[in-house]
Amino acid sequence: MNKSRRDVLKTLALGSSALFFSPNVLLAATRRKKDKLGIALVGLGYYSTDLLAPALQQTKNCYLAGIVTGTPAKAEAWKAKYNIPDKNIYNYQTFDTIANNPDIDVVYVVLPPSMHKEYVVRAANAGKHVWCEKPMAMTVDECQAMIDACNKNKQSLAIGYRLHHEPHTQEYRRIVNNKLLGKVTGVNCAAGYRDNRTNHWKQTRELGGGVLYDMGVYAIQGARLGMGMEPVAIVSATTSTTRPEIYKNGLDETTVAQLEFPGGVLADIKTSFGENVNFLNITCEKGEIKVEPYSAYNGLKASSPLGEIYHPYDIPWQQAKQMDDNATSIMQGKPMLVPGEEGLRDIRVVQAIYKSAASKQRVTI
Ligand code: NAD
C-alpha cells in the first residue's frame, strides 16, 4: 500500500470510534484529512493556562481543539482567546459525549492527581487517545486500571513527563545507557521549590497532595533514569514539614529517601515544597554527569568529562515538543515515548517510600 493511502486510512481510523454515533460525524470524518490531531484539555488551571495552551499554538502536529471545564467563565474566556467552537466545549457532566466529536482525537487530563484515573478511564471509554499529567495517579492499582482501560479501547496513553522529550535528558540517558563513562556508582537528585500556597490541592492529601507525588516524581525519575536501572528497595525514607499548620496530619512538605538498585548501587533523593533546589548528579566510574537545573522548563545545563551539553530554548518549547512527539507517534501508529507503564513505575516507588517512612523499615520493591 502506498504511503498516502495508508495515511488516509490511518486518518479515518482515528475518527472511527465516532462513526457509529451520527451520519454527520461520518461525513466529517471522511471529508477531512487530518494532518493535525485535535487536543482537548481537561482542567484549565495553571499548567493548561500558562504552558499547554501556549505550547499548542506552537505545535505542528496537533492543535487546541476543545476544552473541558467546570467553570463557565473560563469556558467563555478560552473560547474567545483561542477561537474554540461551542460544540468543542464540555463540562464534567457532558464530558462523556466527547465520544461523538470527531474534532477531538486526544483528551489531555490536567487535573489534580486524585482525578486522573477517573478522567483517563472515561476518555478511553469515549474512544479517545489519552495524555495524562504526572503523577499518573495515587496508587499502582489506579495506574493499572488506566492502562487496562486504554488497552481495552485500543487507545494510546502517554504520561506528561516532558523531560523524556528533552535533549539534555536524552543526552545524559545516552551516556548512562551506553556506559560511555563506565558503570553508574551513585546518583544524587533533588527537586523542589518554595510553595507559599496554604490551601491548594498540593497541600490536600485526598486530592493528591504531598510533595512526593508532585515534585517527588522528578527526583524518582532522576534516580531511575540516572541509574538506567529500576530500584529494588527503599533503604530508608523520612517525611517532614517545618509548616505543620499547612502540611497537616503528617502530609509531607519534604521527603528524603535512599533507593537501592541492582548491585547495591544507591541513589539519594530529596524533594521539597519548602526550598528551591533542582539538580541531578550521576557518578560514573569515569567521572560525573551534572545537570542543573534539572527539571526546569528551560535553562537546563549539563556537563560531564565528555563535554558540555547545552541546548537553549524558550518556554514552552518542551511542552510543544512533547505534544508533537506524541501526536506523531499516534498518527504513525507507534508506541508512546512515555507510556502508562512508565508512570506506574514511579507510583510504585512513591508508595514504597511512604511505606518505608511510616514503618522506619527497609521496603523491598
Ligand atoms: P491547578 O490547581 O492550577 O489546576 C487544576 C485544575 O483542576 C483547575 O482548573 C481546577 O479548577 C480543576 N479542578 C477540577 N476539580 C477540582 C477539584 N476537586 N479540586 C481542585 N481543582 C479541581 O493545578 P496545575 O498546577 O495546573 O496541575 C494540574 C496537573 O498538571 C497536576 O497533575 C500537576 O502535577 C500537573 N503539572 C505538571 C507540570 C509539568 O511540568 N509536567 C507542571 C505543573 C503541573
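Domain bounds here are those of an automatic or database domain assignment. On that basis, the protein is divided into domain 1 (3-162) and domain 2 (167-312 + 338-364), and the shell around the ligand draws at least three residues from each of these two domains. The model is a predicted one, in which local features need pLDDT of at least 70 and side-chain atom pairs count only at pLDDT 80 or more, whereas totals for chains, interfaces and linings use all residues. Residues are numbered from 1 along each chain as its sequence is written, and side-chain values use heavy atoms, with hydrogens and water left out.

The centres of domain 1 and domain 2, taken over C-alpha atoms, are separated by 29 Å. To the contact between them (heavy atoms within 4.5 Å), domain 1 gives 21 residues and domain 2 gives 24 residues.

Around the ligand there are 22 residues, of which Tyr46, Lys134, Arg162, His200 and Trp201 come nearest; a residue is counted as near if one of its heavy atoms lies within 4 Å of the molecule. By class, this shell comprises 13 nonpolar, four polar and five charged residues, where Ala, Val, Leu, Ile, Met, Phe, Trp, Tyr, Cys and Pro count as nonpolar, Asp, Glu, Lys and Arg as charged, and the others, Gly among them, as polar.

A polar side-chain atom of His200 lies 2.8 Å from an oxygen atom of the ligand, while a polar backbone atom of Tyr47 is 2.9 Å from a ligand oxygen atom. For His116, an N or O atom in the side chain is 3.2 Å from an oxygen atom of the ligand.

Methods. A polar contact is a pair of N or O atoms within 3.5 Å; within protein, one must be able to donate a hydrogen and the other to accept it, and residues adjacent in sequence count only if both atoms are side-chain atoms.
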